Amino acid sequence: MDIILSILNGFVKNILTKPAFFIGFLVLIGYLLDGKKWYEALAGFIKATVGYMILMVGSGGLVSTFRPILTGLKDRFNISATVIDPYFGQNAVTEGMEHLGKSFSQVMILLLVAFIVNIILVRLKNITKMRAVFTTGHVQMQQAATAFWLIVFCFPKLGQTPILVIMAILLGLYWAVGSNLTVEDTQRLTDGAGFCIAHQQMFGIRLACWLSDKLFANKKDQSKDIDDIELPGFLSIFNENMVATAILMTLFFGIIQGVLGKEYLVAQEALTMEDNFFFYILQSSFSFAVNLAILQLGVRTFVGELTASFDGIQNKLLPGALPGIDCAAVFGFGAANAVTIGFMFGALGQFLAIAILFLLKSPTLIIAGFVPLFFDNAVIGVYANNRGGYKAAFLMPFISGLIQVFGSAFIATYTGLAQYGGYLGMFDWATVWPAFTVLINNIQYVGVAIVAIFLIVIPQLQYKKNKKGYFMITEDYEKYKETIENK
């Protein structure tokens with residue numbers, strides 16, 4: 001028994017929670033099941049793993065460069081506030097658990113059990129109508145930490161094992177249902193690339209696409225794509241994605257860095273007194289465009305391998321299933337400028353919401369964290385533009401920014417996590433999870449049952465709406481498109 005547990009623990013630590021190796025592992029298994037020669041499968045494993053690592057370099061570069069700039073506002077002006085960011089949220093949970101005399105030592109087993117629940121739900125897709133496997137391990141870790149705090153808040157006297165059972169069921173359902181919600185929208189955005197999203201804004205993506213369809217799609221001049229807009233005169237330079245990104249980020253982060261001041265940044269060892277402050281701002285802002293280009297290269301490198309290899313897994317193990325992967329994968333599709341536009345308008349929404357909290361003297365003030373600010377809102381911008389054009393790409397991230405701040409301020413205050421300085425803060429965790437928490441906290445086990453039933457019903461409703469094409473969209477996208485066109 002100890003040997004089995006050791007093997008399982010090793011799998012979770014070294015593969016399941018390491019998305020690059022997990023994606024590579026899926027590609028390897030997929031190619032072997034598809035009858036490829038061992039060296040072809042090995043080559044696919046290497047290409048997919050390296051491609052995902054390239055994506056992580058770009059993603060990590062964005063986060064490491066710009067997170068300190070945003071959180072520096074908290075330190076520079078000595079503001080007692082909660083930073084909405086997955087890593088700050090995870091640290092806050094760890095500190096809070098230590099304060100309560102509890103530990104999160106069984107997290108690896110929780111992840112494995114919740115992942116198995118996800119796989120079982122997909123394997124029984126004819127009954128459950130769930131078609132997506134959540135493969136983003138680092139996101140699972142962050143979500144497990146936050147969910148642990150929320151469930152402990154609802155059941156403070158419950159033993160650790162029962163809490164982990166409740167969490168495994170709810171997280172497994174959330175991973176399967178949430179990623180399943182993004183299947184149609186992602187297949188449409190990517191023209192059948194063969195993946196969906198497994199991240200922190202899955203309900204947000206579906207809501208943004210639904211609203212974009214309702215408000216802007218098929219309406220004259222309102223559904224024009226960002227790339228279709230021809231700007232006149234000197235503004236035409238913004239038609240070039242790299243130029244637009246560099247200029248807008250220089251304005252955005254230049255203002256924040258100017259507010260922080262050179263002396264503060266020198267104290268943080270970001271630069272020296274001898275360095276020119278203006279060119280430091282240019283360099284750090286232009287690095288946004290650099291890291292975004294690296295990220296998009298990573299997407300192009302691994303998505304093709306994942307799509308080609310997953311046929312073997314579909315045919316032999318999980319028929320009709322798609323892998324749910326990091327939301328950054330969609331940055332290689334759709335309008336290039338939608339990424340920057342989504343980020344900027346999401347930031348406007350967040351800053352407006354923060355100002356409102358300040359004016360209303362909210363018990364919890366929020367500091368914008370880079371991960372929700374960029375990865376939620378840029379992703380929503382890409383999807384919204386695809387479904388409703390440039391006006392949707394402006395409006396949906398702006399609404400998302402408002403929701404992230406107001407929802408996070410509420411749940412961080414409600415559960416007491418604000419006192420530890422951080423909360424996960426991304427769209428689903430500022431909307432559906434606060435709703436789940438309030439429900440469970442007030443009616444306990446009945447609330448758990450209601451949440452589980454709610455999640456189970458969602459894919460049933462999706463299937464009922466499109467019985468003919470529901471599984472076809474994952475199994476044969478070209479045939480699905482022909483069916484839609486014939487209608």
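**A tour from Ile 341 to the cores**

Select Ile 341: beyond residues up to four places away in sequence, Ile 341 touches Ile 226, Ala 393 and Phe 394. Keep in mind that this model is predicted. Ile 341 sits in helix α14, residues 337-359. Is Ile 341 buried or exposed? Its relative accessible area is 16%, so Ile 341 is buried, since buried means under 20%.

Ile 341 and Ile 440 lie 99 residues apart in sequence. In space they are 37 Å apart, C-alpha to C-alpha.

The crossing of α7 past α17 is right-handed.

Next, pick out the side that α7 brings to the contact: Ala 147, Leu 150, Ile 151, Phe 153 and Cys 154. From α17 come Trp 433, Thr 437, Ile 440, Asn 441 and Gln 444. By class, this contact has seven nonpolar, three polar and no charged residues.

Move to the largest nonpolar core, which has 140 residues. Select Phe 253, Phe 331, Phe 370, Phe 374 and Phe 375, the residues with the most contacts inside it. Helix α8, residues 160-181, gives this core its largest share, 13 residues.

Zoom in on Phe 370. Leaving aside neighbours within four places in sequence, its contacts include Leu 62, Phe 66, Arg 67, Asp 85, Phe 253 and Phe 375.

Last stop: a second, separate core of eight residues. Among them are Val 183, Leu 322, Ile 473 and Tyr 477.

Notes: Residues are numbered from 1 along each chain as its sequence is written. This is a predicted model: local features need pLDDT of at least 70, side-chain atom pairs count only at pLDDT 80 or more; totals for chains, interfaces and linings use all residues. Side-chain values use heavy atoms; hydrogens and water are left out. Helices (H or I, at least four residues) and strands (E, at least two) are DSSP runs, numbered from the N terminus. Buried means under 20% relative accessible area, exposed over 50%, partly exposed in between (1.4 Å probe, protein chains only). Contact means heavy atoms within 4.5 Å. A crossing is left-handed if the near helix is turned anticlockwise from the far one by less than a right angle, and right-handed if clockwise. Ala, Val, Leu, Ile, Met, Phe, Trp, Tyr, Cys and Pro count as nonpolar, Asp, Glu, Lys and Arg as charged, and the others, Gly among them, as polar. A nonpolar core is a set of buried Ala, Val, Leu, Ile, Met, Phe, Trp, Tyr and Cys residues joined through side-chain atoms within 4.5 Å.
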